[in-house]
Amino acid sequence: MFDEYLLNTFGVSPSSIEGYRKYIKPLKVEKGQFLLREGEVCRNTFFVEKGLLRLYSISKAGKEHIIQFSPENHLITDRSSLFFGESSDYFIDAIEDSEIISLSPDFYEYMSRNNPETGAKQILLLHNHARQLQKRVNLLLGANAEERYLDFIKVYPNVFKRVPQWMVASFLGITPESLSRVRKEIANKERKND
């Protein structure tokens, strides 16, 4: 699956994929296993081949705030920690038993050096990631719970059925009770429209 990602996303030729092998490490992680803890320095980016990871923080009051879910064919990391060597404010753990590819920072350097055309594609992916983060911040600041939920379903169509409702509520910045209310209101609207 990761080879397909390289081919489809970066246009890396099948013959050059072997050169990347020394910069990647396949891992199996069990549900609940941590790949990063708050206070550690993030050393890798993780590509999910099978399973589901999440990136989250815990407030001083002990409240969990999920920043990102990472299902199959998604990357997850703490960019600030990885690229600036800062202690992480986040945790990354497995929500399900997962099969992942751990990418060292040297992977990206090797890719840019050996396939210069991938540099522009990496920049495009980075800009897309920044765009998604800006949209998420805007939704958290200005959208109501229903709008946030509908956007979540669009961005993560298969995640809702795979995680507890409290995790979705954490991602949306609302209580589980509010999420239940929003889902009921949407179901009622859909019934009236039928």
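At 14% relative accessibility, Y110 counts as buried (under 20% relative accessible area, with exposed over 50% and partly exposed in between; 1.4 Å probe, protein chains only). The model is predicted: local features need pLDDT of at least 70, side-chain atom pairs count only at pLDDT 80 or more, and totals for chains, interfaces and linings use all residues. Residues are numbered from 1 along each chain as its sequence is written, and side-chain values use heavy atoms, with hydrogens and water left out.

The protein has seven helices and eight strands. Helices (H or I, at least four residues) and strands (E, at least two) are DSSP runs, numbered from the N terminus. The C-alpha trace spans about 55 × 40 × 30 Å along its principal axes. Of the 194 residues, 40% count as buried. The exposed surface comes to about 11,400 Å², of which carbon and sulfur atoms supply 52% (Shrake-Rupley method, 1.4 Å probe). Among contacts (heavy atoms within 4.5 Å) with a separation of 6 or more, 70% join residues 24 or more positions apart.

Y110 also takes part in aromatic pairs. Rings of Phe, Tyr and Trp (its six-membered ring) pair if their centres lie within 6.5 Å; planes under 30 degrees apart count as stacked, over 60 as edge-to-face and the rest as tilted. By this rule there are 17 aromatic pairs. The rings of Y20 and Y110 have centres 5.2 Å apart and planes at 85 degrees, so this pair is edge-to-face. Y20 lies in the loop between helix 1 and strand 1, and Y110 in helix 3, so the pair ties together parts that are 90 residues apart in sequence. Y20 is buried, at 1% relative accessibility. Y23 and Y110 form a tilted pair, 5.0 Å centre to centre with 35 degrees between the planes. Y23 lies in the loop between helix 1 and strand 1, so its pair with Y110 in helix 3 ties together parts 87 residues apart in sequence. Y23 is buried as well, at 16% relative accessibility. One aromatic cluster is formed by F2, Y5, Y20, Y23, F47, F107, Y108 and Y110.

Four strands form an open sheet in the order 1-8-3-6, with antiparallel pairing. Strands pair if DSSP finds at least two bridges between them. Strand 1 (24-29) and strand 6 (75-76) are the edge strands, and each pairs on one side only. Six bridges join strand 1 to strand 8 (residues 98-103) in the antiparallel sense. K28 stands opposite E99 in strand 8. Helix 1 (residues 2-10) packs on the sheet and touches strand 1, strand 3 (45-50), strand 6 and strand 8. Its direction makes about 115 degrees with that of strand 3. Helix 3 (residues 105-114) touches strand 1, strand 3, strand 6 and strand 8, and its direction makes about 60 degrees with that of strand 8. Axes are lines fitted to C-alpha atoms, for helices over the stretch in contact; angles run from 0 to 180 degrees between N-to-C directions.

The largest nonpolar core has 22 residues, of which F69, F152, V163, L172 and L179 touch the most other members. A nonpolar core is a set of buried Ala, Val, Leu, Ile, Met, Phe, Trp, Tyr and Cys residues joined through side-chain atoms within 4.5 Å. Helix 6 supplies the largest share of this core, five residues. A second, separate core of 16 residues includes I24, F47, F107 and Y110.
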